[in-house]
Every structure is written in structure tokens, then in C-alpha cells.
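Let's take a friendly walk through this protein, one feature at a time. Keep the 3D view open and find each residue as it comes up.

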Amino acid sequence: MGGFGSGRPNGSGRPKAESCRSLDVNRLHHEGCLRAGWYGIWQWMRDGERVAWINLLAAFDHLDLTYRVRIGGGDWEDISESVRIVHAGCSYGGARPYFICPGVVKGRVCGRRVTRLYVPGRYFVCRHCNRLSYASQSEGGLDRILRRANKMRQRLGGDPGMASSFPMRPKGMWQRTYERLRRRTVGIETCASEAMGRHIGKLKVRIAATNRKRSFCR
Ligand SMILES: [Zn+2]
């Protein structure tokens, strides 16, 4: 399976579209990768070496992408994304393919017709979604706050993770200190689980969008 060793974005924390790896629908079309039933690998090279690659499977009106990503040095994650393809007429006749951006921003599917998708985080999205505060960034934030909550649990002698029962007050710790840490940890975890719920909601919207009746746009 293809892989992206995606590090943490530099500086402002928001990668510029140009610095991200991208997929160009016209190039894929010219290489024959959009023909229904075609499958294979698309790769990115630097100085003659393959630095990233993804698996593609083309269908009549969409392209399935499967790959692995690694955000900020974390664990590798398997990702499957389905991108709708439409063909629209050109002013000089004929039809050319476009991606329909599967990005989800603030709970809404983007759906823009674009020729290029970037991968600023886990998913391939259009330039516009890439510029906005994209889900991958809030997911990154989620990881950070959960790590903070886990640290507090461990400081109290417990196990990390919301699934573990909350640790008892360690011997020698003031009740007041313990209550303060407990309130803070539970507060963080409640925030995180709400954010996670929102993220799952976005994923559901994304899946519904790809399953929606597909039609050619001319
Ligand atoms: Zn978009």
C-alpha cells in the first residue's frame, strides 16, 4: 500500500497548496489512469527516488485512492478515499474530466469541480479546502489534547485513554489538587469526544456524498 510520510506542517502550521503533493486529473487522464477498471500505483519522485505513492482503482465515474499516511511522526494510518469524476464540455468541443472535491469543511461537503487535489493531511482535497481550516488540522489538535489528558491520567498513576477508569487519588496528594486535575482531565476528554463526534459526522457526510447518485455534469 502506498505511503505518505507526512510531517508536521512548518511555521504557521498550514501547508501551502504548492508544497503538498497533488493529483492532476488531466495528467491521470492522459496516462490512461481514469479508464474504468484501471488500477495501479501513482507515485511522487524526488531526485530520482520514490518519496510517496498511492494505489488507484478507476471506475466509470470515480477514482478510489488507498494509501497510508503518517501525521506528525505518529502511527501509519490506512486511508481509503473515493473521489467522484465528472466530464464537462470544453469551449473547443469534447469533454474533459474533473475531480469533485470530497473535502469536508465545517460539516459541509465541498463538491467543487477541480482539476487538482492536494493532500495537506489525511485526505486529498481542493485548493480551497486546503486553505480553510481543514479537518486534518482539528484532528491534529485532537491528538494533542488527548495526549495532554493522558499525561494527567498517568501523573495520577492511571492508564492513558478515556476507556480506562479514572485513577484514584494517589497517596500524599491533596484532595483539592486531585479534584482540580480530575476536573481538568474530564473537561479535556469531554471536549475531545465532542470533537471526535463532529469528525465522525463529517466522515458520514463524506461517505453519503460519494454514495449519492452519480451523474455526469455537462
Ligand atoms: Zn474542496
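Glu-179 is partly exposed, with a relative accessible area of 23%. Remember as you look that this is a predicted model. Glu-179 has a partner: it forms a salt bridge with Arg-182, and the closest N and O atoms of the two are 3.3 Å apart. Arg-182 is partly exposed too, at 31% relative accessible area.

Why are Glu-179 and Arg-182 separated by about one helical turn? Because they sit three residues apart in helix H4. As a general idea, side chains of opposite charge can pair when their charged atoms come close.

## Salt bridges between strands

How many salt bridges does a search of the whole structure find? The search turns up four. One of them joins the side chains of Asp-24 and Arg-116, with an N to O distance of 3.2 Å. This pair links distant parts of the chain: Asp-24 belongs to strand S2 (residues 22-24) and Arg-116 to strand S11 (residues 116-118), 92 residues apart. With 33% relative accessibility, Arg-116 counts as partly exposed.

Another salt bridge brings together the side chains of Asp-78 and Arg-68, at 3.0 Å from N to O. Asp-78 lies in strand S6 (residues 76-89) and Arg-68 in strand S5 (residues 62-70), so this pair ties together parts that are 10 residues apart in sequence. Are these two buried or exposed? Asp-78 is exposed, because its relative accessible area is 55% and the cut-off for "exposed" is over 50%. Arg-68, at 31%, counts as partly exposed.

Now look for a group of arginines. Arg-148, Arg-155, Arg-180, Arg-183 and Arg-184 form a positive surface patch. Two elements each give two or more residues to this patch: helix H3 (135-155) and helix H4 (175-211).

Which helix provides the largest share? That would be H4, with three residues. Arg-180 is placed in helix H4, and its relative accessibility of 38% makes it partly exposed.

## Strands that turn back on themselves

Next, follow the chain through strands S3 and S4. Strand S3 (residues 39-46) and strand S4 (residues 49-58) run antiparallel, and eight bridges join them. Trp-44 stands opposite Ala-52 in S4, while Met-45 has Arg-50 of S4 as its bridge partner. S3 and S4 make a hairpin with two residues between the strands, and in this hairpin Asp-47 takes a positive phi near 50 degrees.

The chain then does something along those lines again. S4 and S5 form a hairpin with three residues between them, and they pair in the antiparallel sense over four bridges. Here, Asn-55 stands opposite Thr-66 in S5. When you look along any of these strands, keep a general rule in mind: in a regular strand the side chains alternate between the two faces of the sheet.

## A buried valine

Last stop: Val-114, which is placed in strand S10 (residues 113-114). Is Val-114 buried or exposed? Its relative accessibility is 15%, so it counts as buried, given that the cut-off for "buried" is under 20%.

Also check where Val-114 sits relative to Cys-126. These residues are 12 apart along the chain, and their C-alpha atoms are separated by 6.8 Å.

Technical notes: Residues are numbered from 1 along each chain as its sequence is written. This is a predicted model: local features need pLDDT of at least 70, side-chain atom pairs count only at pLDDT 80 or more; totals for chains, interfaces and linings use all residues. Side-chain values use heavy atoms; hydrogens and water are left out. Two strands pair if DSSP finds at least two bridges between them. Patches are made of residues with over 30% relative accessible area and no salt bridge: like charges are joined within 9 Å, nonpolar side chains (Val, Leu, Ile, Met, Phe, Trp, Tyr) within 5 Å. Accessible areas come from the Shrake-Rupley method with a 1.4 Å probe; for residues, only the protein chains shown count as cover. Lys and Arg count as positive and Asp and Glu as negative; His and the chain ends are not counted. The place of a charge is taken as NZ of Lys, CZ of Arg, CG of Asp or CD of Glu. Buried means under 20% relative accessible area, exposed over 50%, partly exposed in between (1.4 Å probe, protein chains only).
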